[in-house]
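Student: I would like to go through some of the words used to describe a structure. Can we take them one at a time?

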Amino acid sequence: MQSSFSSSLHSLPSRVQTLLSNFNSPLELKQAHAHLIKTNTPLSLLPPSRIASVCALSSDFSYANQLFTQFPQPQIVIWNSCLKTFAESNSPSDAILLFRRLREWDVLPDSFTCAFVLKACTALMDDKNGKIIHGVVEKLGFKWNLVLQNMILNLYGLCGEVGTARLLFDNMPQRDVVSWNVMITHLVKSGDFEDAYRFFSRMPERNVRSWTMMISGCVHCRKPKEGVELFMEMEKIEVQANEVTVVAVLAACADLGALELGRRVHEYSKRSGFENNVRVLNTLIDMYVKCGCLEEARRVFNEMEERTVVSWSAMIQGLAMHGQAQEALRVFSMMIEMGMEPNGVTFIGLLHACNHMGLVDEGRRFFSGMSRDYGIIPEIEHYGCMVDLLSRAGLLQEAHEFIMNMPIKPNGVVWGALLGGCKVHKNIKLAEEATRHLAQLDPLNDGYYVVLSNIYAEAERWEDVARVRKLMKNRGVKKTPGCSSIMVDGVIHEFVAGDDSHSQANEIFDMWETLLSNMKLRGYRPDTSVVLLDMEEKEKEKFLYRHSEKLALCFGLINTPPGVVIRIMKNLRVCEDCHAAFKLISAIVNREIVVRDRNRFHCFKDGACSCQDYW
């Protein structure tokens with residue numbers, strides 16, 4: 001039919017061809033129609049899809065409908081092509097307007113009509129019209145159409161109506177793997193990881209997307225250990241990971257510090273042909289950085305054929321975390337020289353680099369330059385970095401004035417940065433002001449109460465210490481215990497401060513005593529000032545010796561061969577005593593010890609730390 005249409009059209013003069021095939025308005029369409037009538041030419045020379053597009057949203061809708069009665073294909077087939085175009089355009093609401101007209105003129109929709117309008121509703125996140133289409137689907141008996149059911153399910157999930165989606169899922173006459181995947185996706189996004197896992201466990205069949213979503217969900221819900229375990233289970237049943245799976249599991253490895261698995265996934269990605277996938281490579285940089293392998297991160301970065309702003313920013317952030325501020329600034333200069341525009345994340349990395357090494361003047365220049373030179377409006381994270389930089393450098397009054405002059409309302413992180421500086425520089429007055437704001441902004445964050453309590457303890461204001469702890473108790477705030485983890489032979493071992501429940505506890509304590517004797521020969525004296533409890537000195541020392549990172553270190557020394565780098569992850573900031581002890585131990589055992597605490601990396605080697613004692 002198309003070929004006969006083309007040959008008939010080409011036999012006409014060019015002016016007439018243009019009139020018949022390129023009309024752009026109802027008026028031009030009527031002129032073309034009139035010409036066909038005058039010349040007794042078949043109406044089929046008019047392209048029906050073009051008739052639909054020029055009349056769909058005009059007052060001549062009924063005219064187009066009348067014309068379609070003279071075409072061989074059903075009206076709804078013609079209108080569907082127009083609906084599809086509208087749904088995939090920059091104005092998907094046009095598809096919804098057209099659907100309303102079709103209903104007004106009693107044009108019976110089919111399953112394709114519903115699919116195209118649902119696509120428009122999804123693009124607009126319009127659950128109101130989505131429910132109308134859902135009703136049409138039920139009324140016309142399309143509930144057995146799995147594609148439509150899954151589209152409706154997804155729409156409800158996207159619009160935050162997870163309960164409605166769940167009800168629909170439970171009442172679906174049939175389901176496929178897509179139905180289960182959609183449900184799991186939206187449960188994870190809503191933060192209901194436990195329910196998502198229950199759905200995953202009940203799935204009659206799973207595909208690679210099912211596994212990938214659950215691993216991503218674990219990372220999203222801060223359960224990287226479970227994500228790694230799922231990946232290992234996936235490997236056992238020989239489900240082949242795709243690029244998205246690789247990105248998800250590498251993110252889990254980064255959060256967990258699971259270097260051995262991260263390296264194995266890296267090798268898998270090479271074998272699978274993902275070595276040029278920029279998203280995989282960017283995640284690899286992040287994984288190696290967060291596992292303390294800066295050189296391997298740099299190697300991935302240097303070998304990239306194509307780098308995005310994410311690649312550059314990840315490398316800058318990684319160098320900052322490892323205390324290599326000058327190198328981070330050099331990489332930024334290279335980035336600019338190569339014509340890559342920085343973004344807000346880039347500047348967070350630069351400000352972190354300045355912060356970790358006390359480069360106040362450079363930090364000021366970057367903060368002012370981001371908007372002046374690159375048109376990037378500072379966000380709350382940038383303000384937080386600046387307050388942290390000024391506070392740690394002892395410029396507490398300037399940091400306070402900076403907060404008071406912020407054009408946006410300071411959040412808990414900003415006031416928390418000031419509080420952290422007050423602890424370092426023992427400024428009780430400003431610490432109390434910061435805490436008053438934090439009590440309003442983030443009342444359940446135990447860290448802020450603990451810092452204020454510690455400031456009072458250092459000043460031996462024990463009544464104030466007791467008052468803060470009573471306040472915590474009254475508000476139901478519990479102190480987060482120090483926790484450190486170390487991976488040995490693919491198994492993660494976790495230690496809590498004061499823990500004596502580990503199967504190798506006696507060996508760990510014996511190892512510590514041996515190290516302690518050697519450290520004391522080198523001038524070590526336990527810094528009991530970090531034990532901010534009103535107790536006897538000997539009790540303070542005992543408490544100090546059971547810090548979680550010390551237990552993890554001793555376990556690592558016992559269970560790894562000589563010369564192997566020991567990598568420890570800690571949930572809180574490393575204390576001054578552990579920092580001093582680890583420097584000495586690195587020289588005593590001739591090992592590199594890498595510790596990732598809440599804020600940064602400390603690489604202990606030959607009796608020194610990469611942070612140069614500024615943290």
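Student: What does histidine 356 touch, not counting residues up to four places away in sequence?

Tutor: Histidine 356 touches Ala320, Met321, Asn599, Arg600 and Tyr614; contact means heavy atoms within 4.5 Å. This is a predicted model, in which local features need pLDDT of at least 70, side-chain atom pairs count only at pLDDT 80 or more, and totals for chains, interfaces and linings use all residues. Residues are numbered from 1 along each chain as its sequence is written, and side-chain values use heavy atoms, with hydrogens and water left out.

Student: Why is histidine 356 called buried?

Tutor: Its relative accessible area is 10%. Buried means under 20% relative accessible area, exposed means over 50%, and partly exposed is in between, with a 1.4 Å probe and protein chains only. Histidine 356 is therefore buried. The residue is found in helix H22 (residues 344–357); helices are DSSP runs of H or I with at least four residues, numbered from the N terminus.

Student: What makes glycine 257 count as buried?

Tutor: Its relative accessibility is 12%, which means that glycine 257 also falls under the limit for buried. Glycine 257 is found in the loop between H16 and helix H17 (259–271). Leaving out residues up to four places away in sequence, glycine 257 touches Cys291 and Met569. Its C-alpha atom is separated by 9.9 Å from that of lysine 225, which is 32 residues apart along the chain.

Student: Why are H25 and H26 described as roughly antiparallel to each other?

Tutor: The axes of helix H25 (residues 396–404) and H26 come within 10 Å and cross at roughly 170°. Axes are lines fitted to C-alpha atoms, for helices over the stretch in contact, and angles run from 0 to 180 degrees between N-to-C directions. Under 35 degrees counts as roughly parallel, over 145 as roughly antiparallel, 65 to 115 as roughly perpendicular and the rest as oblique. H25 and H26 are therefore roughly antiparallel.

Student: Which residues of H25 and H26 meet?

Tutor: Leu396, Ala399, His400, Ile403 and Met404 in H25 meet Val414, Trp415, Leu418, Gly421, Cys422 and His425 in H26. They divide into eight nonpolar, three polar and no charged. Here Ala, Val, Leu, Ile, Met, Phe, Trp, Tyr, Cys and Pro count as nonpolar, Asp, Glu, Lys and Arg as charged, and the others, Gly among them, as polar.

Student: How do you know the relation of H6 to H7?

Tutor: The axes of helix H6 (residues 75–87) and helix H7 (residues 93–104) come within 8 Å and cross at roughly 155°. That angle is over 145, so H6 is roughly antiparallel to H7. The contact is made by residues including Trp79 and Phe86 of H6 and Leu98 and Phe99 of H7. Its residues divide into ten nonpolar, no polar and one charged.

Student: What makes a set of residues a nonpolar core?

Tutor: The members are buried Ala, Val, Leu, Ile, Met, Phe, Trp, Tyr and Cys residues joined through side-chain atoms within 4.5 Å. The largest nonpolar core has 170 residues, and Leu29, Leu46, Ile51, Trp79, Leu98, Ile285 and Leu418 touch the most other members. Its largest share, nine residues, comes from helix H16 (residues 243–256). Leaving aside neighbours within four places in sequence, leucine 418 is in contact with Val387, Ser391, Leu396, Ala399, His400, Ile403 and Ala434.

Key: Helices (H or I, at least four residues) and strands (E, at least two) are DSSP runs, numbered from the N terminus.
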